[in-house]
Amino acid sequence: MIKLYTAPTPNGRKISILLEELKVEYKCILVNLDKKEQFKKKFSKISPTNKIPVIEDCEHKKIIFESGAILIYLAEKYKKYLPKNKYWEVLQWVVFQVAYVGPMLGQAHQYLYYNSGKSKFAEKKSKQYTKHVYEILEKHLTNNIYFAGRYSIADIAIWPWVDRHERHQIKLNKYPNTEKWYKKISKRPAVIKGYNVV
């Protein structure tokens, strides 16, 4: 049994999507970010960064925090979506998501969606970085169906962020390869179910 402490964010959803893809038994525990539950003493014990998601592997009595680490842990534990012959190819895109896609698009959420109109400088920089993220995705997907040759945790890591393209003020049809990849993954039953668990 895997306990997943999560919320309906891109980082939270990528873990529930992977758990659905793996078809393993898990239980979702909602952490209400609006009520600042991530800062409660009990949650701080399992998440020193006060962030979701966190998993508790009850079988091995192991707690893992940080979404990238969780993806790798689960993929290695269940030996799926991280193929040995594409190991580093997958990991480099997972790290790219954690280091660049998430931070840049996360800022876009703040400056272009939640706090629009408060800072022209922040909005301009967010649009520039966001455009750069989508250009990188588009270029790579020009000759690739998935980020590492076949469906993997790299795609699972990136997809929930692209799902918020409207918040990024991005017209996905201007990035046809990314749009094709996005729509293909959107149809997967595990993605639909995992996206909507909380």
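In the predicted model, glutamate 20 touches Tyr26, Ala190, Lys193, Gly194 and Val197, with residues up to four places away in sequence not counted. Glutamate 20 belongs to helix α1, which covers residues 10-22. The relative accessible area of glutamate 20 is 14%, and because buried means under 20%, glutamate 20 is classed as buried.

Tyrosine 26 lies in β2, where it stands opposite isoleucine 2. The sheet is open and consists of four strands in the order β2-β1-β3-β4, with mixed pairing. Strands β2 (26-30) and β4 are at the edges and have a single partner strand each, so one side of each lacks a neighbour in the sheet. From one strand to the next, the twist averages 20°. Strands of a sheet pair through backbone hydrogen bonds, and the pairing is either parallel or antiparallel.

The pairs can be taken in turn. Strands β1 and β2 run parallel and are joined by five bridges. Strands β1 and β3 run antiparallel, with four bridges between them. In this pair, lysine 3 has glutamate 56 of β3 as its bridge partner. Helix α1 packs on the sheet and touches β1, β2 and β3; the direction of α1 makes about 155° with that of β1. Helix α3 also packs on the sheet, where it touches β1, β3 and β4, and its direction makes about 135° with that of β4. Strand β1 is largely enclosed by the rest of the structure, because four of its five residues are buried.

Strands β3 and β4 are antiparallel and are joined by four bridges. Isoleucine 55 stands opposite isoleucine 64 of β4. The two strands form a hairpin with four residues between them, and in this hairpin lysine 61 takes a positive phi near 50°.

The loop between α2 (41-46) and β3 contains threonine 49. In sequence, threonine 49 and glutamate 66 are 17 residues apart, whereas their C-alpha atoms are 8.6 Å apart in space.

Helix α3 comprises the 12 residues 67-78. The distance from its first C-alpha to its last is 16 Å, close to the 16 Å expected at 1.5 Å a residue. Its buried residues are Ser67, Gly68, Ile70, Leu71, Tyr73, Leu74 and Ala75. These residues are covered by elements that include β1 (2-6), β3 (54-57) and β4 (62-65), as well as the helices α1, α4 and α6. Just after α3, lysine 79 takes a positive phi of about 55°.

Helix α5 has 22 residues (120-141), which at 1.5 Å a residue should span 32 Å; the C-alpha atoms at its ends are 32 Å apart, in agreement with this value. The buried residues of α5 are Ala122, Glu123, Ser126, Thr130, Val133, Tyr134, Leu137, Glu138, His140 and Leu141. They cover an arc of only 165° around the axis, and therefore lie on the same side of α5. On the other side of α5, Lys120, Phe121, Lys124 and Lys139 are exposed. The cover over the buried residues of α5 includes α4 (87-114), α6 (153-162) and α7 (176-186).

The contact between α5 and α7 can be described residue by residue. Tyr134, Leu137, Glu138 and Leu141 of α5 meet Pro176, Asn177, Thr178 and Trp181 of α7. The axes of the two helices come within 7 Å and cross at roughly 80°. Angles of 65 to 115 degrees count as roughly perpendicular, and α5 and α7 are therefore roughly perpendicular to each other.

Definitions and conventions: Residues are numbered from 1 along each chain as its sequence is written. This is a predicted model: local features need pLDDT of at least 70, side-chain atom pairs count only at pLDDT 80 or more; totals for chains, interfaces and linings use all residues. Side-chain values use heavy atoms; hydrogens and water are left out. The expected span of a helix is 1.5 Å times one less than its number of residues. Buried means under 20% relative accessible area, exposed over 50%, partly exposed in between (1.4 Å probe, protein chains only). The arc is that of the directions from the helix axis to the C-beta atoms. Contact means heavy atoms within 4.5 Å. Two strands pair if DSSP finds at least two bridges between them. Axes are lines fitted to C-alpha atoms, for helices over the stretch in contact, and angles run from 0 to 180 degrees between N-to-C directions. Angles under 35 degrees count as roughly parallel, over 145 as roughly antiparallel, 65 to 115 as roughly perpendicular and the rest as oblique.
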